[in-house]
2 protein chains.
Amino acid sequence: MRRHRCVIDSETSESGSDADSDTAMRCISCREEYLPRDAGTCKECYVEAGETEEELKREIDDLKAKVTFLRLSSSLDHGNSSRSFTDVVLIASEDAAGSPPIPAHKAVLVSRSPVFRAMLENEMEESRSGTIKITDISYDTLRTFIYYLYTAEACLDEQMACDLLVMAEKYQVKHLKSFCEKFLVTKLNLDNSLMTYAFAHQHNAKHVLDAALSQITENMEKVTKREEYMELVEKDPRLIVEIYEAYLSKQVNTAIGGTSTSKTG
Amino acid sequence: MRRHRCVIDSETSESGSDADSDTAMRCISCREEYLPRDAGTCKECYVEAGETEEELKREIDDLKAKVTFLRLSSSLDHGNSSRSFTDVVLIASEDAAGSPPIPAHKAVLVSRSPVFRAMLENEMEESRSGTIKITDISYDTLRTFIYYLYTAEACLDEQMACDLLVMAEKYQVKHLKSFCEKFLVTKLNLDNSLMTYAFAHQHNAKHVLDAALSQITENMEKVTKREEYMELVEKDPRLIVEIYEAYLSKQVNTAIGGTSTSKTG
């Protein structure tokens, strides 16, 4: 995003010769000369657009302050040595032997996840014992998951984004799922597109699925020569069928688009 | 804020006669004709500014979703019949006879207010009993105050904004204080400027104080004839002195500004 400095240099443009000022003008945003055919807006609209931008930035500042106010300090916050009135602990059962339980608040868990709500409000074992065991998850992932529930923040790499997306799916934390999906889309490339596609399929991550499918169908020749492709044909051929269906549909659309263009052209 | 529809009508402007297109152009934002002297930006900068605006709006949407995720459901939410695992109640002692106690979470109170933190973490009476009595406050104000701690939202009128500002000051909830100040500034007028000024003075509401002082010094003749002025002279003459000092300072600055303009002009 290039930033514009808003220098209104009407003096400069008016000090030029009259002959010149008819044919070339100076843009008051980028300050370069342009011809009438490249003209954008009048000065009034330029000023107004600048005001709109300022208003939007103020709104962003207000919302950021609101987020800071609303995020809760969790027992996981660095340097949080104060009492935090927790009433439940979570344990990552994968490495239950070594890793410590993570204290949390029932009120926060039920507020963020309908699954925790059902679990804790219905006097199930977890509610009575005050202990929630979570299977098939590492301590680090659980820690990051809980931290997100308090702060709406997480430090991600691709593995963590996948692990958290699975947790978000399981506990129906939509905001976190969308957060992970956005991250995974930015990390898509030719090398990981097939595995990401299969992963997205398995966990109903539509946003990632569409992006991966688009990446794959744009590089069909290369993708179909990869080892993961052969593996997926063996393991889950229906996924490969869907890829070919998307590829075919894209080709048909391109052909129709091409035809209609050549007709109207 | 006027909204622009972004219609790029290069065909329209190029279909005009060549003679015309040199002298008048059509703004691609408001679509009105303008002369070179009223030119704003080139087309490229116009497109780029539009992209920036879209980016800012996406950021606003993301932040709004984050706020929705982070706001906690409180026992005061309409239709909240679910268990909410509260561990403390607050009572508005002004009308203790009739009004019900308001259940809340210690974790939320300590997270939002350093005063509640000190009260609840240090095993004071309130922490042991699980009851916080708040003096000199109505049930409605307490309810609105607690609701704000959970949601960062409040429905204000001028009286409620003043009452909440006092609570925000007492419990050091900066975000709420700033929220009330912004509201009170929008409600400033000649009729309430003196009372608002005195109120802002009493509660260290600098933002409101400055706005009220500016309103007053711009209308000194009218203000000094008002009944509240006479009352304030009797009750707290130092406040009136500060008003005159601000008025004098403004007059001196205007005089200097006028002198320097006439020198350089």
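Author: In chain A, helix 10 and helix 11 cross in a left-handed manner. A crossing is called left-handed if the near helix is turned anticlockwise from the far one by less than a right angle, and right-handed if clockwise. Helices (H or I, at least four residues) and strands (E, at least two) are DSSP runs, numbered from the N terminus. The model is a predicted one, in which local features need pLDDT of at least 70, side-chain atom pairs count only at pLDDT 80 or more, and totals for chains, interfaces and linings use all residues. Residues are numbered from 1 along each chain as its sequence is written, chains are lettered from A and ligands numbered from 1 in the order in which they are written, and side-chain values use heavy atoms, with hydrogens and water left out.

Reader: At what angle do the axes of helix 10 and helix 11 of chain A cross?

Author: Axes are lines fitted to C-alpha atoms, for helices over the stretch in contact, and angles run from 0 to 180 degrees between N-to-C directions. Here, the axes of helix 10 (residues 193–202) and helix 11 (residues 206–217) of chain A cross at roughly 150 degrees and come within 9 Å. Angles under 35 degrees count as roughly parallel, over 145 as roughly antiparallel, 65 to 115 as roughly perpendicular and the rest as oblique. Helix 10 and helix 11 of chain A are therefore roughly antiparallel to each other.

Reader: Which residues make the contact between helix 10 and helix 11 of chain A?

Author: Contact means heavy atoms within 4.5 Å. Among them are A:Leu194, A:Tyr197 and A:Ala200 of helix 10 and A:Leu209, A:Leu213 and A:Ile216 of helix 11. The residues of this contact divide into eight nonpolar, four polar and no charged. Ala, Val, Leu, Ile, Met, Phe, Trp, Tyr, Cys and Pro count as nonpolar, Asp, Glu, Lys and Arg as charged, and the others, Gly among them, as polar.

Reader: Where do the domains of chain A lie?

Author: Domain bounds come from an automatic or database domain assignment. For chain A, the assignment gives domain 1 (10–70), domain 2 (84–187) and domain 3 (190–265). Ten residues of domain 2 of chain A touch nine residues of domain 3 of chain A.

Reader: What area is buried between chain B and chain A?

Author: Buried area is the accessible area (1.4 Å probe) that two parts lose on being put together, summed over both. Between chain B and chain A, about 5,900 Å² is buried, with 63% given by carbon and sulfur atoms. In chain B, B:Phe69, B:Leu70 and B:Phe85 lose the most area to chain A, together 13% of what that side buries.
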